[in-house]
Amino acid sequence: MIQILGPNDLQEQVLNKDLCVRCGACVGLCPYFNTYKGDVVMTFSCDHTQGRCFTHCPRTDVDYDLLSKQMFGKLYDKNPLGVHRKIFASKAGDKMGDHHYQNGGTITALMVYAMEQGLIDAAVLTDSQNLIPVPKLVTETDGIKNCSSTKYMAAPTISKLNEGMKKGYEKIGVVGTPCQMTAIAKMKSNPLNFKNFKNPTRLLIGLFCTWAVDTKDFINLVSRETDISKIEGMDILPPPAQLFILKTKDQNIEIPLDAIRNIVPKGCSMCPDMTSEWADISVGAFEGESTWNTLIIRTPKGENLVNDAVNDGYLVTKNLSEKNLAHLIKGAENKKKRGFENQKKDQPIRD
Ligand SMILES: Cc1cc2nc3c(=O)[nH]c(=O)nc-3n(C[C@H](O)[C@H](O)[C@H](O)COP(=O)(O)OP(=O)(O)OC[C@H]3O[C@@H](n4cnc5c(N)ncnc54)[C@H](O)[C@@H]3O)c2cc1C
(Lines give C-alpha, C1' and ligand atoms only; values in the text may rest on other atoms or scores of the structure.)
Protein backbone atom coordinates (compact mmCIF):
# COMPACT_ATOMS: atom_id res chain seq x y z
CA MET A 1 0.00 0.00 0.00
CA ILE A 2 1.30 3.44 -0.84
CA GLN A 3 1.35 6.13 1.85
CA ILE A 4 -1.28 8.88 1.69
CA LEU A 5 0.00 11.61 3.98
CA GLY A 6 0.02 15.36 4.28
CA PRO A 7 2.11 18.54 4.00
CA ASN A 8 4.25 18.08 7.11
CA ASP A 9 5.18 14.61 5.88
CA LEU A 10 6.09 16.09 2.50
CA GLN A 11 8.31 18.59 4.28
CA GLU A 12 9.92 15.84 6.35
CA GLN A 13 10.24 13.08 3.72
CA VAL A 14 11.08 15.15 0.66
CA LEU A 15 12.04 18.79 1.29
CA ASN A 16 14.12 18.24 4.45
CA LYS A 17 15.92 15.33 2.80
CA ASP A 18 16.75 17.50 -0.21
CA LEU A 19 14.85 15.15 -2.53
CA CYS A 20 12.59 17.82 -4.04
CA VAL A 21 12.87 18.05 -7.84
CA ARG A 22 11.15 21.49 -7.95
CA CYS A 23 8.41 20.26 -10.35
CA GLY A 24 5.79 22.55 -8.78
CA ALA A 25 3.15 19.83 -8.21
CA CYS A 26 2.61 20.96 -4.60
CA VAL A 27 2.52 24.67 -5.50
CA GLY A 28 -0.73 26.54 -6.07
CA LEU A 29 -3.01 23.94 -4.44
CA CYS A 30 -3.09 25.88 -1.15
CA PRO A 31 -1.41 29.02 0.20
CA TYR A 32 1.34 27.08 2.00
CA PHE A 33 3.73 25.83 -0.70
CA ASN A 34 5.40 28.42 -2.90
CA THR A 35 8.36 28.82 -5.21
CA TYR A 36 11.20 31.24 -4.72
CA LYS A 37 13.89 31.62 -7.40
CA GLY A 38 13.35 28.06 -8.58
CA ASP A 39 13.14 26.47 -5.10
CA VAL A 40 9.96 25.03 -3.58
CA VAL A 41 9.34 26.09 0.02
CA MET A 42 6.64 25.54 2.64
CA THR A 43 5.98 29.04 3.91
CA PHE A 44 3.50 28.23 6.73
CA SER A 45 2.84 25.02 8.59
CA CYS A 46 -0.41 23.17 7.85
CA ASP A 47 -1.91 20.42 9.97
CA HIS A 48 -3.85 18.45 7.36
CA THR A 49 -2.90 14.79 7.70
CA GLN A 50 -3.54 14.09 4.01
CA GLY A 51 -3.08 16.35 1.03
CA ARG A 52 -2.68 16.54 -2.73
CA CYS A 53 0.73 18.15 -2.11
CA PHE A 54 1.99 14.82 -0.72
CA THR A 55 0.07 12.47 -3.00
CA HIS A 56 0.92 14.25 -6.29
CA CYS A 57 4.63 14.63 -5.48
CA PRO A 58 6.78 12.49 -7.82
CA ARG A 59 9.20 11.81 -4.96
CA THR A 60 6.66 10.26 -2.58
CA ASP A 61 5.34 6.73 -3.18
CA VAL A 62 4.66 5.94 -6.83
CA ASP A 63 2.39 3.00 -7.65
CA TYR A 64 3.79 2.21 -11.09
CA ASP A 65 1.28 -0.56 -11.77
CA LEU A 66 -1.62 1.75 -10.97
CA LEU A 67 -0.29 4.50 -13.26
CA SER A 68 0.39 2.03 -16.06
CA LYS A 69 -3.06 0.42 -15.83
CA GLN A 70 -4.69 3.84 -15.76
CA MET A 71 -2.86 5.07 -18.85
CA PHE A 72 -2.16 1.94 -20.89
CA GLY A 73 -4.44 -0.75 -19.43
CA LYS A 74 -1.58 -3.04 -18.36
CA LEU A 75 0.91 -3.56 -15.54
CA TYR A 76 4.22 -1.65 -15.49
CA ASP A 77 6.85 -3.82 -17.17
CA LYS A 78 9.98 -1.63 -16.87
CA ASN A 79 10.43 -1.42 -20.66
CA PRO A 80 13.33 1.11 -20.95
CA LEU A 81 11.31 3.41 -23.25
CA GLY A 82 7.94 2.82 -21.56
CA VAL A 83 4.80 1.81 -23.43
CA HIS A 84 4.96 3.05 -27.02
CA ARG A 85 3.26 2.58 -30.37
CA LYS A 86 5.72 4.21 -32.78
CA ILE A 87 9.08 6.02 -32.75
CA PHE A 88 10.14 8.52 -35.42
CA ALA A 89 12.48 11.40 -36.09
CA SER A 90 10.47 14.62 -36.54
CA LYS A 91 10.56 18.39 -36.94
CA ALA A 92 8.17 21.31 -37.43
CA GLY A 93 6.62 21.46 -40.92
CA ASP A 94 6.25 24.39 -43.35
CA LYS A 95 2.94 25.53 -41.84
CA MET A 96 4.88 26.64 -38.73
CA GLY A 97 6.87 29.23 -40.73
CA ASP A 98 10.25 30.47 -39.49
CA HIS A 99 10.88 30.27 -35.77
CA HIS A 100 13.76 29.45 -33.45
CA TYR A 101 13.36 26.15 -31.57
CA GLN A 102 15.69 24.17 -29.38
CA ASN A 103 15.88 21.34 -31.90
CA GLY A 104 13.29 20.47 -34.53
CA GLY A 105 10.42 22.35 -32.91
CA THR A 106 8.23 19.23 -32.73
CA ILE A 107 6.91 20.24 -29.31
CA THR A 108 5.94 23.77 -30.30
CA ALA A 109 4.42 22.57 -33.58
CA LEU A 110 2.26 19.92 -31.87
CA MET A 111 1.07 22.29 -29.14
CA VAL A 112 0.23 25.03 -31.68
CA TYR A 113 -1.61 22.51 -33.85
CA ALA A 114 -3.51 21.06 -30.85
CA MET A 115 -4.67 24.55 -29.87
CA GLU A 116 -5.66 25.53 -33.40
CA GLN A 117 -7.67 22.30 -33.69
CA GLY A 118 -9.44 22.95 -30.37
CA LEU A 119 -8.01 19.82 -28.74
CA ILE A 120 -6.63 22.07 -25.96
CA ASP A 121 -7.80 25.48 -24.74
CA ALA A 122 -4.74 26.31 -22.61
CA ALA A 123 -1.11 25.21 -22.47
CA VAL A 124 1.21 24.86 -19.48
CA LEU A 125 4.76 25.67 -20.57
CA THR A 126 8.09 26.98 -19.31
CA ASP A 127 9.63 30.33 -20.18
CA SER A 128 12.59 31.96 -18.42
CA GLN A 129 13.75 35.34 -17.23
CA ASN A 130 17.33 36.02 -16.18
CA LEU A 131 17.89 32.26 -16.01
CA ILE A 132 14.99 31.71 -13.61
CA PRO A 133 12.48 29.30 -15.20
CA VAL A 134 9.05 30.91 -15.40
CA PRO A 135 6.04 28.56 -15.70
CA LYS A 136 3.32 29.91 -18.00
CA LEU A 137 -0.36 29.17 -18.62
CA VAL A 138 -1.00 30.42 -22.16
CA THR A 139 -4.16 30.52 -24.23
CA GLU A 140 -2.79 31.84 -27.55
CA THR A 141 -0.56 30.13 -30.09
CA ASP A 142 1.90 33.07 -29.95
CA GLY A 143 2.32 32.32 -26.24
CA ILE A 144 3.24 28.73 -27.13
CA LYS A 145 5.87 29.91 -29.62
CA ASN A 146 7.34 32.35 -27.06
CA CYS A 147 8.09 29.45 -24.70
CA SER A 148 10.08 27.38 -27.20
CA SER A 149 13.69 26.37 -26.35
CA THR A 150 15.08 24.29 -23.50
CA LYS A 151 15.80 25.69 -20.07
CA TYR A 152 17.90 23.03 -18.37
CA MET A 153 16.85 24.23 -14.91
CA ALA A 154 14.38 22.21 -12.79
CA ALA A 155 11.18 24.23 -13.15
CA PRO A 156 7.99 24.43 -11.05
CA THR A 157 5.90 24.12 -14.22
CA ILE A 158 3.08 22.07 -12.65
CA SER A 159 2.12 25.04 -10.43
CA LYS A 160 0.53 26.50 -13.57
CA LEU A 161 -1.51 23.34 -14.15
CA ASN A 162 -2.86 23.77 -10.61
CA GLU A 163 -3.66 27.39 -11.47
CA GLY A 164 -5.33 26.39 -14.75
CA MET A 165 -7.48 23.85 -12.91
CA LYS A 166 -8.58 26.52 -10.40
CA LYS A 167 -9.44 28.84 -13.27
CA GLY A 168 -11.72 26.15 -14.69
CA TYR A 169 -9.81 25.12 -17.83
CA GLU A 170 -10.79 21.57 -18.76
CA LYS A 171 -8.69 20.97 -21.88
CA ILE A 172 -5.15 21.76 -20.82
CA GLY A 173 -2.06 20.68 -22.73
CA VAL A 174 1.14 20.30 -20.70
CA VAL A 175 4.78 20.09 -21.77
CA GLY A 176 7.01 18.74 -19.03
CA THR A 177 9.89 16.60 -17.85
CA PRO A 178 9.47 12.99 -16.59
CA CYS A 179 9.00 14.08 -12.94
CA GLN A 180 6.35 16.57 -14.03
CA MET A 181 4.54 13.90 -16.09
CA THR A 182 4.72 11.55 -13.09
CA ALA A 183 3.11 14.21 -10.88
CA ILE A 184 0.29 14.59 -13.43
CA ALA A 185 -0.21 10.81 -13.68
CA LYS A 186 -0.51 10.67 -9.88
CA MET A 187 -2.96 13.60 -9.91
CA LYS A 188 -5.07 11.81 -12.58
CA SER A 189 -5.38 8.75 -10.32
CA ASN A 190 -7.27 10.98 -7.84
CA PRO A 191 -5.48 9.46 -4.82
CA LEU A 192 -7.70 11.24 -2.28
CA ASN A 193 -10.88 10.01 -4.02
CA PHE A 194 -12.46 13.41 -4.48
CA LYS A 195 -16.05 12.95 -5.67
CA ASN A 196 -15.97 15.90 -8.09
CA PHE A 197 -12.53 15.18 -9.50
CA LYS A 198 -12.16 15.87 -13.23
CA ASN A 199 -8.92 15.35 -15.10
CA PRO A 200 -8.18 18.82 -16.56
CA THR A 201 -5.52 17.63 -19.03
CA ARG A 202 -6.17 16.70 -22.66
CA LEU A 203 -2.65 16.43 -24.06
CA LEU A 204 0.61 15.54 -22.36
CA ILE A 205 3.89 16.07 -24.19
CA GLY A 206 6.83 14.74 -22.21
CA LEU A 207 10.47 15.77 -22.61
CA PHE A 208 13.34 13.33 -22.54
CA CYS A 209 15.45 14.20 -19.51
CA THR A 210 18.59 12.75 -17.96
CA TRP A 211 18.78 15.52 -15.35
CA ALA A 212 17.92 19.18 -14.72
CA VAL A 213 20.01 21.66 -12.72
CA ASP A 214 19.19 23.56 -9.57
CA THR A 215 18.41 27.16 -10.58
CA LYS A 216 20.21 28.96 -7.74
CA ASP A 217 23.37 26.88 -8.13
CA PHE A 218 23.22 27.33 -11.90
CA ILE A 219 22.99 31.12 -11.60
CA ASN A 220 25.97 31.12 -9.21
CA LEU A 221 27.99 28.96 -11.59
CA VAL A 222 27.11 30.92 -14.70
CA SER A 223 27.58 34.34 -13.09
CA ARG A 224 31.27 33.47 -12.72
CA GLU A 225 31.50 32.99 -16.51
CA THR A 226 29.39 35.83 -17.92
CA ASP A 227 26.70 38.45 -17.38
CA ILE A 228 23.58 36.27 -17.12
CA SER A 229 21.37 38.87 -18.81
CA LYS A 230 23.32 38.20 -22.04
CA ILE A 231 22.47 34.48 -22.21
CA GLU A 232 20.16 33.68 -25.10
CA GLY A 233 20.19 29.90 -25.02
CA MET A 234 21.86 26.75 -23.79
CA ASP A 235 22.62 23.29 -25.10
CA ILE A 236 24.55 20.11 -24.44
CA LEU A 237 27.09 19.12 -27.10
CA PRO A 238 26.70 15.52 -28.34
CA PRO A 239 29.10 12.91 -26.84
CA PRO A 240 32.03 12.57 -26.51
CA ALA A 241 32.36 16.38 -25.99
CA GLN A 242 31.10 16.42 -22.35
CA LEU A 243 30.36 20.14 -22.66
CA PHE A 244 27.44 22.36 -21.73
CA ILE A 245 27.13 25.46 -23.91
CA LEU A 246 25.82 28.89 -22.92
CA LYS A 247 24.90 30.95 -25.98
CA THR A 248 25.25 34.75 -25.94
CA LYS A 249 24.99 37.10 -28.91
CA ASP A 250 28.79 37.20 -29.31
CA GLN A 251 30.05 33.79 -28.22
CA ASN A 252 29.41 30.27 -27.02
CA ILE A 253 30.72 29.71 -23.49
CA GLU A 254 31.74 26.13 -22.69
CA ILE A 255 31.23 24.63 -19.24
CA PRO A 256 32.46 21.08 -18.47
CA LEU A 257 29.50 18.74 -17.98
CA ASP A 258 30.98 17.54 -14.69
CA ALA A 259 30.52 21.02 -13.20
CA ILE A 260 26.89 20.92 -14.31
CA ARG A 261 26.27 17.41 -12.95
CA ASN A 262 27.43 18.67 -9.53
CA ILE A 263 24.42 20.98 -9.33
CA VAL A 264 21.73 18.46 -10.25
CA PRO A 265 19.20 18.14 -7.38
CA LYS A 266 19.66 14.92 -5.39
CA GLY A 267 16.04 13.91 -6.12
CA CYS A 268 16.85 13.60 -9.87
CA SER A 269 19.14 10.67 -9.12
CA MET A 270 16.09 8.64 -8.03
CA CYS A 271 14.20 9.11 -11.28
CA PRO A 272 13.94 5.92 -13.39
CA ASP A 273 12.37 7.62 -16.41
CA MET A 274 14.43 9.15 -19.24
CA THR A 275 11.70 9.48 -21.85
CA SER A 276 8.63 10.74 -19.93
CA GLU A 277 6.69 7.49 -19.92
CA TRP A 278 3.42 9.00 -18.61
CA ALA A 279 2.85 11.22 -21.65
CA ASP A 280 0.79 10.89 -24.86
CA ILE A 281 3.90 11.80 -26.85
CA SER A 282 7.51 12.18 -25.75
CA VAL A 283 10.13 14.31 -27.47
CA GLY A 284 13.90 14.65 -27.17
CA ALA A 285 16.98 15.55 -29.15
CA PHE A 286 17.90 13.49 -32.21
CA GLU A 287 21.40 12.07 -32.17
CA GLY A 288 23.52 13.50 -34.99
CA GLU A 289 21.02 16.04 -36.37
CA SER A 290 20.34 18.96 -34.03
CA THR A 291 17.45 20.36 -36.12
CA TRP A 292 15.42 17.16 -35.70
CA ASN A 293 13.80 15.50 -32.68
CA THR A 294 13.23 11.94 -31.55
CA LEU A 295 9.47 11.38 -31.17
CA ILE A 296 7.86 8.56 -29.19
CA ILE A 297 4.12 8.06 -29.64
CA ARG A 298 2.49 6.30 -26.69
CA THR A 299 -1.31 6.67 -26.86
CA PRO A 300 -3.94 6.53 -29.64
CA LYS A 301 -4.65 10.22 -28.95
CA GLY A 302 -0.95 11.02 -29.48
CA GLU A 303 -0.89 8.97 -32.68
CA ASN A 304 -3.95 10.72 -34.13
CA LEU A 305 -2.49 14.13 -33.32
CA VAL A 306 0.83 13.31 -35.00
CA ASN A 307 -0.88 11.85 -38.10
CA ASP A 308 -3.17 14.88 -38.46
CA ALA A 309 -0.28 17.33 -37.89
CA VAL A 310 1.74 15.58 -40.62
CA ASN A 311 -1.21 15.59 -43.06
CA ASP A 312 -1.84 19.31 -42.41
CA GLY A 313 1.83 20.34 -42.83
CA TYR A 314 2.64 21.17 -39.19
CA LEU A 315 5.02 18.27 -38.72
CA VAL A 316 7.44 16.21 -40.79
CA THR A 317 8.56 12.71 -39.77
CA LYS A 318 11.15 10.22 -40.96
CA ASN A 319 12.28 6.81 -39.76
CA LEU A 320 14.80 6.34 -37.01
CA SER A 321 17.91 4.25 -37.75
CA GLU A 322 18.53 1.02 -35.81
CA LYS A 323 21.69 2.63 -34.39
CA ASN A 324 19.79 5.68 -33.07
CA LEU A 325 17.16 3.44 -31.53
CA ALA A 326 19.77 1.24 -29.86
CA HIS A 327 21.47 4.30 -28.29
CA LEU A 328 18.14 5.63 -27.08
CA ILE A 329 17.27 2.31 -25.45
CA LYS A 330 20.72 2.08 -23.83
CA GLY A 331 20.46 5.59 -22.33
CA ALA A 332 16.96 4.93 -21.02
CA GLU A 333 17.95 1.53 -19.64
CA ASN A 334 20.89 3.05 -17.74
CA LYS A 335 18.73 5.75 -16.20
CA LYS A 336 16.04 3.25 -15.19
CA LYS A 337 18.55 0.95 -13.52
CA ARG A 338 20.29 3.83 -11.72
CA GLY A 339 16.99 5.43 -10.66
CA PHE A 340 15.50 2.27 -9.16
CA GLU A 341 18.77 1.42 -7.39
CA ASN A 342 18.95 4.90 -5.86
CA GLN A 343 15.29 4.72 -4.82
CA LYS A 344 16.05 1.59 -2.81
CA LYS A 345 18.97 3.31 -1.05
CA ASP A 346 17.31 6.60 -0.35
CA GLN A 347 13.57 6.08 -0.09
CA PRO A 348 10.84 7.39 0.18
CA ILE A 349 9.77 6.25 -3.32
CA ARG A 350 8.83 2.58 -3.38
CA ASP A 351 8.12 0.54 -6.46
C1 LIG B 1 15.75 19.67 -18.06
C2 LIG B 1 15.78 19.04 -19.43
C3 LIG B 1 16.63 17.96 -19.68
C4 LIG B 1 16.65 17.35 -20.94
N5 LIG B 1 17.46 16.27 -21.15
C6 LIG B 1 17.43 15.64 -22.36
C7 LIG B 1 18.21 14.46 -22.60
O8 LIG B 1 18.91 13.98 -21.70
N9 LIG B 1 18.15 13.88 -23.83
C10 LIG B 1 17.37 14.37 -24.83
O11 LIG B 1 17.36 13.82 -25.94
N12 LIG B 1 16.61 15.47 -24.63
C13 LIG B 1 16.62 16.11 -23.42
N14 LIG B 1 15.83 17.21 -23.20
C15 LIG B 1 14.95 17.62 -24.28
C16 LIG B 1 15.70 18.43 -25.31
O17 LIG B 1 16.69 19.18 -24.68
C18 LIG B 1 14.80 19.46 -25.96
O19 LIG B 1 13.99 20.06 -24.98
C20 LIG B 1 13.90 18.92 -27.03
O21 LIG B 1 14.61 18.15 -27.97
C22 LIG B 1 13.33 20.17 -27.68
O23 LIG B 1 12.50 19.84 -28.68
P24 LIG B 1 11.84 20.98 -29.60
O25 LIG B 1 12.84 21.56 -30.52
O26 LIG B 1 10.64 20.33 -30.17
O27 LIG B 1 11.44 22.06 -28.47
P28 LIG B 1 10.82 23.49 -28.62
O29 LIG B 1 9.78 23.51 -29.70
O30 LIG B 1 11.92 24.50 -28.69
O31 LIG B 1 10.04 23.63 -27.23
C32 LIG B 1 10.66 23.39 -26.00
C33 LIG B 1 9.58 23.12 -24.97
O34 LIG B 1 10.19 22.70 -23.76
C35 LIG B 1 9.53 23.29 -22.66
N36 LIG B 1 10.54 23.45 -21.61
C37 LIG B 1 11.72 24.12 -21.71
N38 LIG B 1 12.39 24.03 -20.56
C39 LIG B 1 11.66 23.30 -19.73
C40 LIG B 1 11.85 22.88 -18.38
N41 LIG B 1 12.94 23.18 -17.68
N42 LIG B 1 10.88 22.15 -17.79
C43 LIG B 1 9.74 21.83 -18.48
N44 LIG B 1 9.52 22.19 -19.78
C45 LIG B 1 10.48 22.93 -20.38
C46 LIG B 1 8.98 24.61 -23.15
O47 LIG B 1 7.78 24.93 -22.48
C48 LIG B 1 8.72 24.33 -24.64
O49 LIG B 1 7.38 24.01 -24.82
C50 LIG B 1 15.81 17.86 -21.96
C51 LIG B 1 14.97 18.94 -21.69
C52 LIG B 1 14.94 19.53 -20.44
C53 LIG B 1 14.02 20.70 -20.16
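Predicted model: local features only at pLDDT ≥ 70, side-chain atom pairs only at ≥ 80, totals over all residues.
Analyst: Helices and strands are runs assigned by DSSP and numbered from the N terminus; a helix (H or I) needs at least four residues and a strand (E) at least two. Residues are numbered from 1 along each chain as its sequence is written.

User: How many helices and strands does the secondary structure of the chain come to?

Analyst: The chain has eleven helices and 13 strands.

User: How do I read the radius of gyration of the chain against that of a compact globule, and what value does it have?

Analyst: The radius is taken over C-alpha atoms, and the globule rule is 2.2 Å times the number of residues to the power 0.38. For 351 residues the rule gives a value near 20 Å, and the chain has 19 Å, so the two agree. The C-alpha trace spans about 55 × 45 × 40 Å along its principal axes.

User: What share of the residues count as buried?

Analyst: A residue is buried if 20 or more other C-beta atoms lie within 10 Å of its own, exposed if 12 or fewer do, and partly exposed in between; the C-beta atoms are placed from the backbone. By that count, 47% of the 351 residues are buried.

User: Where is aspartate 77, and is it buried or exposed?

Analyst: Aspartate 77 is in the loop between helix H3 (64-72) and strand E3 (86-92). Aspartate 77 counts as exposed because it has 11 C-beta neighbours inside 10 Å. Its C-alpha atom is 42 Å from that of isoleucine 231, a residue 154 positions away along the chain.

User: Which value of phi does lysine 78 have?

Analyst: Lysine 78 is not a glycine, yet its phi is positive, at about 60°. Lysine 78 counts as partly exposed, with 14 C-beta neighbours inside 10 Å. Lysine 37, also not a glycine, has a positive phi near 45°. Lysine 37 is in the loop between strand E1 (33-36) and strand E2 (39-42), and it is exposed, with 12 other C-beta atoms within 10 Å.

User: How do E4 and strand E5 pair, and over how many bridges?

Analyst: Two strands pair if DSSP finds at least two bridges between them. E4 and E5 (residues 132-138) are antiparallel, with seven bridges. One of the paired positions is glutamine 129, whose partner in E5 is isoleucine 132. The two strands form a hairpin with two residues between them, where asparagine 130 has a positive phi near 50°. E4 also runs parallel to E6, joined by three bridges; there, alanine 122 has isoleucine 172 of E6 as its bridge partner.

User: What joins E6 to E7?

Analyst: Five bridges do, and the two strands run parallel. Glycine 173 has leucine 203 in E7 as its partner. Six of the seven residues of E7 (residues 201-207) are buried, so the strand is largely enclosed by the rest of the structure.

User: Which residues in helix H6 are buried?

Analyst: In H6 (residues 158-166) the buried residues are Ile158, Ser159, Lys160, Leu161, Asn162 and Gly164. Their cover includes E1, E4, E5, E6 and helix H7 (178-188). Just after H6, glycine 168 has a positive phi of about 95°.

User: Which residues around the ligand come nearest?

Analyst: A residue counts as near a molecule if its C-beta atom, placed from the backbone, lies within 6 Å of it. There are 32 residues around the ligand, of which Thr108, Leu125, Ser148, Thr210 and Gly284 come nearest. Helix H4 (106-116) and strands E4 (122-129), E6 (172-176) and E11 (281-285) are the elements that each give two or more residues to the shell. For classes, Ala, Val, Leu, Ile, Met, Phe, Trp, Tyr, Cys and Pro count as nonpolar, Asp, Glu, Lys and Arg as charged, and the others, Gly among them, as polar. The shell around the ligand then has 15 nonpolar, 16 polar and one charged residues.

User: Into which domains is the chain divided?

Analyst: Domain bounds come from an automatic or database domain assignment. Here it gives domain 1 (7-214 + 264-346) and domain 2 (217-261). Over C-alpha atoms, the centres of domain 1 and domain 2 are 24 Å apart. Two residues are in contact if their C-beta atoms, placed from the backbone, lie within 7 Å. Ten residues of domain 1 and twelve residues of domain 2 take part in the contact.

User: Where is the cis peptide bond?

Analyst: The cis bond joins proline 239 and proline 240, with omega at about 5°. Proline 240 is in the loop between strand E8 (231-236) and strand E9 (243-248).
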